[in-house]
Amino acid sequence: MRRVSSSPHFHSGASTSNIMYSVAAALTPSCIWGIYVFGFRALAVLLVSIVCAVLSEYLLGRISKEMTICDGSALVTGILVGMNMSPTIPLFIPAIASVFAIAVVKWTFGGLGANWANPAIAGRVFVFFSFSSVMSSFKLPRTLQAVDMVSSATPLSLVKTVLSAGESAGQNSLQILANNGYLATPFAQKIQSATGISAYNVDAFFGNIPGCIGEVSKILLIAGGIYLLCRKIITWHIPVSYLGIYAILTWIFGGIPYGLGFFHGEVLSNLLRGGLILGALFMATDMVTSPITHKGMLIFGAGCAFFTFLFRTFGSLPEATSVAILIMNIVTPTIDRFCIPKRFGEEVKQ
């Protein structure tokens, strides 16, 4: 008996390869900026990540006789793995992350469409907890090398270190950065003088801060996300619920660790630091590992926001975006189970 779903039966024209190469194109400007500010070492990290991911896909495809190397999924995984690495990382680490992402997370569970977690996120988390010290070592971007900066730590790392030492003394994160020698670029200082917007936030928006290769330039990540939205490759539900709920939680509870009480959290600075934008636009929206209904997507994004806020604000690690998304990937089947609508004419059991 042939089963036919309800009408209409219009083909969108989308394909796996079309979607994957569009995502790769959306990520490219951020990669180029990372190479520009961190140098050719960043290019080497990206190339190693991509080559190891694609090569793993090819070898496993030969073994299984199911060749999927041309669909672009391994390319996107390799790009995302590289983007989540520090430019100073030893090259064997992104290689391990890419092989783990493809061989263990993707192919062990049946290949594209059957993986339970975003491969790039799982690969990044695997090497982060395996090589925590070198994964937390960062480099000054060339835009700040002319500035007499004391620390090359990311803003999140520096603030977390001061908070852990109990030295915040009622300061917010912007005051902590200023008091610990974390200087802004002259360009950002001019913007601050003209608009009143914090120079640290300006640098974080344009990508003039230490960090992972592909996470630093928020303006280019947002541009890539808008491109995917216009192409209808992703929808607004996960990014908006993720960033919106995170902003609300930060505003209400984010001031507590600084001794500032409720409703004193810094929303903008927390949104612009770390890998939150990269995660919300490009990793949490993975079609395979996120819910299939809009209601489920909103719940998924809210869950990512909750865990990101919880780990970032009250946990021991400065960054938690990857871990938060990974946790919600595990919960996705349960979300789908309770959010899939009833078929027309189906009786609801009492």
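W33 and Y36 lie three residues apart in helix α1 (residues 16-38), so about one helical turn separates them. Helices here are DSSP runs of H or I with at least four residues, numbered from the N terminus. The model is a predicted one, in which local features need pLDDT of at least 70 and side-chain atom pairs count only at pLDDT 80 or more, while totals for chains, interfaces and linings use all residues. Residues are numbered from 1 along each chain as its sequence is written, and side-chain values use heavy atoms, with hydrogens and water left out.

Aromatic pairs were assigned to rings of Phe, Tyr and Trp (its six-membered ring) with centres within 6.5 Å; planes under 30 degrees apart count as stacked, over 60 as edge-to-face and the rest as tilted. This rule gives 14 aromatic pairs. For W33 and Y36, the ring centres are 5.4 Å apart and the planes stand at 45 degrees, so this pair is tilted. W33 is partly exposed, at 22% relative accessible area, and Y36 is likewise partly exposed, at 42%. Buried denotes under 20% relative accessible area, exposed over 50%, and partly exposed the range in between (1.4 Å probe, protein chains only).

A tilted pair is also formed by F253 and F309, with 6.4 Å from centre to centre and 50 degrees between the planes. This pair links distant parts of the chain, since F253 belongs to helix α12 (residues 237-253) and F309 to helix α15 (residues 294-314), 56 residues apart. F253 is partly exposed at 29% relative accessibility, whereas F309 is buried at 5%.

How values were computed. Helices (H or I, at least four residues) and strands (E, at least two) are DSSP runs, numbered from the N terminus.
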